[in-house]
Amino acid sequence: FVLVLFVVVVQCSLEKKNDDVVLIIADDLRPELAGSVYGCDHVSTPNLAKLSAESVSFTSAYAQIALCAPSRNSFLSGRAPDITLAYQFINHFREVGPAWTTLPQVFKKMGYTVVGAGKVFHPSLPPNWDMPLSWDVRMNNSEWDPWLYPHEPRCPLNTSWCAVSNDHNISLFEDTQTSAQIDKLFANISEPYFLAVGFRKPHLQWRYPSKFQHHDSIPLPRYKYFPIDAPTIAFHMPYEEL
């Protein structure tokens, strides 16, 4: 409902103003990680706090499903998981809705330059980031296609989190790569534009400079157990993501 309302409102506005639109996505971002925006003062997020002060913050908005791939299939297609039939990391919405219009497609059909960087659609779900339907044709060439899912080195032994040296080259972090790619896109796109930015953090893996390693000061979750009568599909491993 919220997504559909957003699209309708934007369409009504854009027909008059041709405003540029930026969609920012953060993967697996719990409200606590937005710091003071949601009353968690022990988390320092000054930029989110500044954005919140200039925006509308929704305190009762919920994900359709607690997994990255089916959640993206849901809000980018504007349909609930029971309609997309995407619940895990196997199916995608194009299997049941080959002619559905995605959020980026709405703007593409209105004549916008539609581009993105980082994790927007989940890899392979739908295939090839839903190209060419959802994106500018230039996103499907060898120069811009890698921008839709940058990679960084894995933690040693493939663990879920690890600290790196404080002098580590931050340009190797996925989200740093995404930010750099956005700067390049701005230099190559024309208005009006729809720009989707997908930051993969705080999704696993967690690689961070060792100066931020303060495990003793991190409060543990209030609720430790799976809720009674909750649907089993809502429970997901690994435990690090709970």
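Residues are numbered from 1 along each chain as its sequence is written, and side-chain values use heavy atoms, with hydrogens and water left out. In this predicted model, local features need pLDDT of at least 70 and side-chain atom pairs count only at pLDDT 80 or more, while totals for chains, interfaces and linings use all residues.

**Exercise 1.** List the secondary structure elements of the protein chain in order, and state what percentage of its residues are buried.

Solution. 
- Helices (H or I, at least four residues) and strands (E, at least two) are DSSP runs, numbered from the N terminus.
- The protein chain has 6 helices and 5 strands.
- Their order from the N terminus is α-β-α-α-α-α-β-β-α-β-β.
- Buried means under 20% relative accessible area, exposed over 50%, and partly exposed in between (1.4 Å probe, protein chains only).
- Of the 242 residues in the protein chain, 38% are buried.

**Exercise 2.** Describe the largest nonpolar core and find the elements that supply it.

Solution. 
- A nonpolar core is a set of buried Ala, Val, Leu, Ile, Met, Phe, Trp, Tyr and Cys residues joined through side-chain atoms within 4.5 Å.
- The largest such core has 30 residues, and Phe107, Trp129, Trp135, Leu185, Phe194 and Leu195 have the most contacts inside it.
- At least two residues each come from strand E1 (21-26), helix H5 (103-109), strand E2 (113-118), helix H6 (174-186) and strand E4 (193-199).
- E4 gives the largest share, 5 residues.

**Exercise 3.** Classify the ring pair of phenylalanine 107 and phenylalanine 194, then that of phenylalanine 186 and tyrosine 193.

Solution. 
- Rings of Phe, Tyr and Trp (its six-membered ring) pair if their centres lie within 6.5 Å; planes under 30 degrees apart count as stacked, over 60 as edge-to-face and the rest as tilted.
- The structure holds 7 aromatic pairs.
- Phenylalanine 107 and phenylalanine 194 are 4.6 Å apart centre to centre, with 20 degrees between the planes, and the pair is stacked.
- This pair joins helix H5 to strand E4 across 87 residues of the chain.
- Both phenylalanine 107 and phenylalanine 194 are buried.
- The centres of phenylalanine 186 and tyrosine 193 are 5.7 Å apart and their planes stand at 70 degrees, so this pair is edge-to-face.
- Phenylalanine 186 is partly exposed at 39% relative accessible area, whereas tyrosine 193 is buried at 12%.
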